[in-house]
Amino acid sequence: MRTQVVPDVGAKTESPALEPLLFELHREGRSGRHIRDAATDVVPVAFARKVPLGLPELSELQVVRHFTHLSQLNYAVDTGFYPLGSCTMKYNPKVNDRAAFLPGFADLHPQQPDETIQGALRLMVELQEMLAGITGMDSVTLQPAAGAHAEFTAILMFKAYHHARGDRKRRRVIVPDSAHGTNPASAAMCGFDVTTVRSDERGNIDIKALEDTLGDDVVGLMLTNPNTLGLFEERVREVCAAVHKVGGLVYGDGANMNALMGVARPGDLGLDCVHINLHKTFSTPHGAGGPGAGPLCVRAPLEPYLPSPRVKRNADGSFARSLDHPQSVGRVRSFLGSFGVLVRAYTYMRSLGEEGLTEASRDAILAANYLLSRVRSKYEVAYDRTCMHEFVLSAAKQKKQGASALDIAKALIDEGFHPPTVYFPLIVAESMMIEPTETEPKETLDAFADALLRIAERIEKEPEKVREAPLRAPLRRLDEVGAARKPVLRYRR
Amino acid sequence: MSSNPYSPHTDADRAAMLAAIGVHSVDDLLTAIPPEARGAGMGVPAGMTEAEVTLHLTAIAAQNTAAGAGPFFLGGPVQRRYIPAAVPSLALRGEFLTAYTPYQPEVSQGTLQAIWEFQSLVCELFALDVANASMYEGGTALAEAAFMAVRATGRKKVVVASETFYQFKDTLRTYAQGPDLEIIEVPTAELAANADGAACLIVQHPDAAGGLVDVRPIADAAHAAGALCVQVTEPHACAVLEPPGALGADIAIAEGQPLGIPMSFGGPYLGILACAAPLVRQMPGRIVGRTQDARGVRGFVNTLQTREQHIRREKATSNICTNEAIAAITAAVYLGLLGPQGLRAAASRGALQAHALAERLARIAGCSVAFERPFLDRFALRTPPGDLLDALLADGIVVGLGLRDDPELADTFILQCTELTTDDDIEALALSLGRALAGRREPVRA
């Protein structure tokens, strides 16, 4: 990451800055020549733009330097270890990107006739088939753009499923207290109330509390397994059976599927559906926040409600889009899916194959347990069990000594690492959720463990110094309160 | 030996890690999993080397016909446009592409400043006050805009113009099943008369068939009834047409794909959502704000996060978490490279070619522009009835189908032009269409 001073380019910034804004580099009359001007004006005067178009005017080299400089201010998987819990920041293979940008994929309009997109449809059908096999489900939609989008899709399908059975009394979706915030938010977007169920002392959903709240007004349960504590739900089959007994459905949040490939299939555990984050488990790049893709895999009873259009294999071996799904919830987006992400995930699956995928999950579990074994002497472990692909530490002890999980996160930045997820899950005080993934060499895991131990020792001696971190990042800590109190959300001249 | 080509672990590493944990094998770490549910096959074919997988993917890609292979007039929300060489080389740098959500702002200033610039560029283009850091794509952006209006007004009726992209309307209807919203669809001309009790009026300008719409009276009618005006628009069009903020729209949404993002058979795309300042707390998704660090150096952070799911859970304005950040950065690079002049050139070039195409095709017997209203860079062409699509496709020419939800335009083609539409493309379509129509008369004489 770049920390040195940027050469002075003569731009006047409103205050000291790492990099001028595009707008601050503007000079009137400067421009590139990418597209030939239309000589005549074809817009009727009544409709023509009269408001000035205040976009910056820049030379191409200025734009190149600007975004290159900005990129150098980022930490990324390509630059270093990124153990952000629940996000599976594994290596994003370059061959996947190249495949997605083949002209036969990148230069396809989503409304082209079926006969011109046979390869695209084939890839989608094969991907659906592989995902069904990996999850132990029957049918798959590739439409959802992200995990949260899949959650919303699934809860809408649950609603359609219950309504189709004449059952309109169900109003509640049950969510464990360890769940991602997207789970309750998705349930609420579907018009349902959310009931939160606590976790037990082993970090599982409290089955007694669950049974107490179950009733015939329950739409379903949203279950993350392994859960956000990095623990496998030990009584998952009983949990699913209890929900089914009252007529509810079980949604699987597949955020943590990186622990399960070839290890255990959600369909074999009793879940009715599960989404897959292709940007986590299947190595597609996270793109500074997105895109992702959240295919949703379902068991046969939910199949009629899957989003439409769907993609299918014809009897003659050709491929087609199909629209004739009268019970479908409809489109959850304009077109069939984030195809560029699907190509990358498909390439990854075909590269690793059955054995490689299984090994990836087993290595991810091994790496997490190893890292946990290296750091547990200095940090409290929230729920002290064998973890799956990630684990949650508590910095409660360090907090008493004078430095919080946030301080530790910033101190890790000075050690050259991206911090873990902090303050989530909410049920662990001063939580630090660490997911090493299977693609980091043991040397990196050791170096990270050493850094965490070093920070713990520094906190014992001089916590006030740790609270000053980061000192070696491009910026010191930022004023987030001020940013929210007086929001400045755009440039104004 | 690893089966995973990206594994760094040697057998010795694995043995050392197992020993440190104090177990004999990875199976010893899996005891929490019910034994009967363990280790089922997945049915994934055996792995391939990078060379093999590249050949395999290249072969699949070759089963498609890329849009650049012939004259291409398919458009609408997704448009084949020129992507300057510098766009992917900058936006897809590993430092952007392989980062995640900027949760740690001190090591994410590249993403945060680029997104803040994206927000600023969208605000300039749309003449509105706030843009978020992106939605999934145009259709979901429209649905989220309707949800914003529902929250802001406390009303559950949403009125949408028929002449809106049907994919967007379908997505809106799907989303509306969640909170049980009432969706009323009426022709654009009847929007104003249906404002009573509505949360919002949704108008598309330019509309799905390319027609220009007088938005102001619709916005006025919405406001008079206490409703909001949501405008569906297109980024290039806004460079040459009066923008949503100047027409009275409270919220504008668009598919951002034309801003340097490949068509890529449906995604990933870029949902653009911008609004007037008073609505900012109803906005879904991430928003980046400007601030400073402890030394007073300018910096950027995710802000107004109390709207979002990771803080507010079931009370959040939306469930969105992962968004389309790299597409937003791509759009910022694209707009930075083109500048106001380049964007206007792209928009007006498409318009120029569309009008030339309309004029040329109208000279073919039986063909005419299907509506009277002015258009920008796409229009509906009425032809004699019959299956001309296959004849054009046989000549390597791809055109759009008529509007699904408008019976008036059912038997038409929607033809989109952009800066990539050449004079030769126009002539090729005219000749092919002429031939197809002439050819069809042949059997009658025979």
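Start by colouring chain A by domain: domain 1 covers 1–73 and domain 2 covers 95–350. Keep in mind as you go that this is a predicted model.

**A helix pair in chain A**

Next, select residues 147–164 and 182–189 of chain A, which are helix 5 and helix 6. How far apart are the axes of helix 5 and helix 6 of chain A, and at what angle do these helices pack? The axes are 9 Å apart and the angle is about 40°. Angles under 35 degrees would count as roughly parallel, and helix 5 and helix 6 of chain A are therefore oblique to each other. Their crossing is right-handed.

Now show side chains where the two helices touch. On helix 5 of chain A, pick G147(A), A148(A), E151(A), F152(A) and I155(A). On helix 6 of chain A, the partners are T182(A), N183(A), S186(A), A187(A) and M189(A). Colour this contact by class and you get five nonpolar residues, four polar and one charged.

**A sheet in chain A**

Move along chain A to an open sheet of four strands, in the order 10-11-13-12, with antiparallel pairing. Which strands sit at the edges of the chain A sheet? Strand 10 (380–381) and strand 12 (421–422) of chain A do, each pairing on one side only. Zoom in on strand 12 of chain A and its antiparallel neighbour, strand 13 (residues 431–434), and look for the two bridges that join them. V422(A) has M432(A) of strand 13 as its bridge partner.

**Where the chains meet**

Bring chain B into view and select the contact between the chains: 175 residues from chain A and 167 residues from chain B. On the chain A side, turn to helix 10 (residues 339–375), which gives the most, with 22 residues. The class colouring of that side of chain A shows 93 nonpolar, 50 polar and 32 charged residues.

**The sheet in chain B**

Hide chain A for now. Chain B has an open sheet of four strands, in the order 10-11-13-12, and the pairing is antiparallel. Strand 10 (368–369) and strand 12 (400–401) of chain B are at the edges with a single partner strand each, so one side of each has no neighbour in the sheet. Strand 12 of chain B runs antiparallel to strand 13 (residues 412–416), and two bridges join them. For one bridge to click on, pair L401(B) with F413(B) of strand 13.

**The domains of chain B**

Domain 1 comes in two segments, 69–78 + 339–441, and domain 2 is 86–333. Their centres, taken over C-alpha atoms, are 29 Å apart. Select the contact between them, and 24 residues of domain 1 of chain B meet 20 residues of domain 2. Which elements give two or more residues to the domain 1 side of that contact in chain B? Helix 12 and strand 11 of chain B do, and helix 12 has the largest share, six residues. By class, the domain 1 side of this contact in chain B splits into 14 nonpolar, three polar and seven charged residues.

Definitions and conventions
Residues are numbered from 1 along each chain as its sequence is written. Chains are lettered from A and ligands numbered from 1 in the order in which they are written. This is a predicted model: local features need pLDDT of at least 70, side-chain atom pairs count only at pLDDT 80 or more; totals for chains, interfaces and linings use all residues. Axes are lines fitted to C-alpha atoms, for helices over the stretch in contact, and angles run from 0 to 180 degrees between N-to-C directions. Angles under 35 degrees count as roughly parallel, over 145 as roughly antiparallel, 65 to 115 as roughly perpendicular and the rest as oblique. A crossing is left-handed if the near helix is turned anticlockwise from the far one by less than a right angle, and right-handed if clockwise. Two residues are in contact if their C-beta atoms, placed from the backbone, lie within 7 Å. Ala, Val, Leu, Ile, Met, Phe, Trp, Tyr, Cys and Pro count as nonpolar, Asp, Glu, Lys and Arg as charged, and the others, Gly among them, as polar. Domain bounds come from an automatic or database domain assignment. Two strands pair if DSSP finds at least two bridges between them.
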